[in-house]
Amino acid sequence: MLFSYAMMAPYQGYERLNAGLSAEGQITEGEWEPINLDPYFPVIRGESHMRQFFMIYEGSGTTLEQQMATRTAEKLLQLEHNRGHPYTAIRLWWNQWEPSPAGYEHQPDKQLYRRPLITIHE
Amino acid sequence: MSKSFLARWDSWWCRTAPPHVLAIFRIAFGAFLFVEALTYIPGVPVLFSDHGLVFSQWSPFLPSPIRFLFDPPSVHIAYALFALYALSTLCLSLGVMTRVAIACLIVLFAYYWQLSFHMFPSSYHRLFFVTLLILLFSGSHKTFSLHMFFKRGSVYAWEPINILPQRLLSAQITATYIGVSWQKMWLPDWQNGKILYYSFIGKWGSPPAFWLAQHLPLWTYDWMNHAVKLTEFFLPFCLWMKHWRLLAVIVGTLFHLSIAILLGIWWFLVLPPAYILFLEPEEVLHWLQQRVPAIRKSENAPFLHPSIATSK
């Protein structure tokens, strides 16, 4: 039933805020640098952000969110090591910001809401 | 009266019919899946292998000895599987080893869903999956195919098939449009044009959509909202009505083109070619017979359109 209904139910609503995942890697004690996640999502922006959302929020509940975030961070740490970035820790953030007609990443009032998801160490 | 109705009902769903409508759809659908596959080729390592942020949905629930079948594979295996997928879409479109190709696509569709697309759950991928299931037993390869070329010496040769798969596909498309349109009557987000404005400047918004968002006054989004709802409401009915069908095809095509251009959601562009499923197969055969001599010479005379039979 759910499968059948899902074929009839595209685009039921919209999000009032833009949202996406961001990550930082620890270079040395206390020094962090942003990790470019774009290479991990070589698809159009809508699909990319849906993938980021479901990567963390596929289930529901705080415990599951923590599990998903931990899983993602551990995998990202391993992949970044393979790419020659020997981070000693990774931390993930879930960001939300006001949309603007000036552009998707445009944040006119610097209204970026950042929520820490997880920090994992090597 | 009752018997006549039942006979017509039975004929409408289950009569034997020419395969041309379904064959044309098969070609278009296979080509569409092939093009979609091409768009994913650069991303195979990070979307479908252990080189990416990819997590199997099924693996945690399976016995450990078989988990490796569902966990993200190495890059080389990922490329090999994807090559098989792309090859299968081509075989579907060309109508060669069609059922084997569709079976491969069904298995790989399920595999890619649990591997990667569960993080991008979309209505069109569900629609594609059901379409493949129906095509598996449809006989859509019985004309306009390499199968018929190897079997009968001509891609135009044809054999009759059961019309049920065509009816099921058109019924599913109808249900999809009805579901999408009727729920917009009460969905809170669809009661005004804000949903379109915020979609234009949201994650799905394309450069043309952002441009429109900068220039259109807000009241125009309310009108666009009405236009979307009216289009989706009337489309599934008009596609079945002979006198309204052409208008429905034009409006439906423009509708899906605008979604693709403004929101980048191009996967529903598979639907306009699928509108051919709403035509009667005998009418399409008649139209083709008038234009393609090789089809006119076909030996399946019982399926000549009544107007041709009369003129003889």
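Chain A exposes about 6,500 Å², and carbon and sulfur atoms supply 54% of that area. Accessible areas come from the Shrake-Rupley method with a 1.4 Å probe; for residues, only the protein chains shown count as cover. The model is predicted: local features need pLDDT of at least 70, side-chain atom pairs count only at pLDDT 80 or more, and totals for chains, interfaces and linings use all residues. Residues are numbered from 1 along each chain as its sequence is written, chains are lettered from A and ligands numbered from 1 in the order in which they are written, and side-chain values use heavy atoms, with hydrogens and water left out.

**Chain A**

Chain A has three helices and four strands. Their order along the sequence is α-β-β-α-α-β-β. Helices (H or I, at least four residues) and strands (E, at least two) are DSSP runs, numbered from the N terminus. Of the 122 residues in chain A, 44% are buried. Buried means under 20% relative accessible area, exposed means over 50%, and partly exposed lies in between (1.4 Å probe, protein chains only). Contacts in chain A with a separation of 6 or more are 60% from residues 24 or more positions apart. A contact means heavy atoms within 4.5 Å.

**The interface of chains A and B**

In the interface, 41 residues of chain A are in contact with 49 residues of chain B. The two chains bury about 4,100 Å² between them, with 65% of it on carbon and sulfur atoms. Buried area is the accessible area (1.4 Å probe) that two parts lose on being put together, summed over both.

The rule finds one salt bridge across this interface. Lys203(B) pairs with Glu15(A), and the closest N and O atoms are 2.6 Å apart. A salt bridge here is a side-chain nitrogen of Lys or Arg within 4 Å of a carboxyl oxygen of Asp or Glu. Ten residue pairs across the interface are in polar contact (both at pLDDT 80 or more). On the side of chain A that touches chain B, the elements giving two or more residues are α1 (2-7), α2 (45-57) and α3 (62-82). Helix α2(A) gives the most, with eight residues. A polar contact is a pair of N or O atoms within 3.5 Å; within protein, one must be able to donate a hydrogen and the other to accept it, and residues adjacent in sequence count only if both atoms are side-chain atoms.

**Salt bridges within chains**

Over all chains, the structure holds 13 salt bridges. Side chains of opposite charge can pair when their charged atoms come close.

| Pair | N to O distance |
|---|---|
| Arg91(A) and Glu24(A) | 2.6 Å |
| Arg115(A) and Glu65(A) | 3.3 Å |
| Arg15(B) and Glu280(B) | 2.6 Å |

Arg15(B) lies in the loop between α1 (2-14) and β1 (16-17) of chain B, and Glu280(B) in the loop between α13 (271-274) and α14 (281-291), so the pair ties together parts that are 265 residues apart in sequence. Arg15(B) is buried at 18% relative accessible area. Glu280(B) is partly exposed at 23%. Salt bridges that share partners join Arg15(B), Arg167(B), Glu280(B) and Glu282(B) into one network.

In chain A, Glu24(A) is buried at 14% relative accessibility. Glu65(A) is buried at 11%, and Arg115(A) is partly exposed at 38%.

**Local features of chain B**

A nonpolar surface patch of about 820 Å² is made by Trp182(B), Met185(B), Trp186(B), Phe237(B), Met241(B), Trp244(B), Leu247(B) and Val251(B). Patches are made of residues with over 30% relative accessible area and no salt bridge: like charges are joined within 9 Å, nonpolar side chains (Val, Leu, Ile, Met, Phe, Trp, Tyr) within 5 Å. Phe237(B) sits in helix α11 (residues 219-238). Its relative accessible area is 31%, so Phe237(B) is partly exposed.

Gln191(B) is in the loop between α8 (164-183) and α9 (194-200). It is partly exposed at 43%. Leaving out residues up to four places away in sequence, Gln191(B) touches Lys184(B), Met185(B), Trp186(B), Asn225(B) and Lys229(B). Its side chain reaches the backbone oxygen of Lys184(B) at 3.3 Å.

Met97(B) is exposed at 57%, whereas Phe144(B) is buried at 16%.
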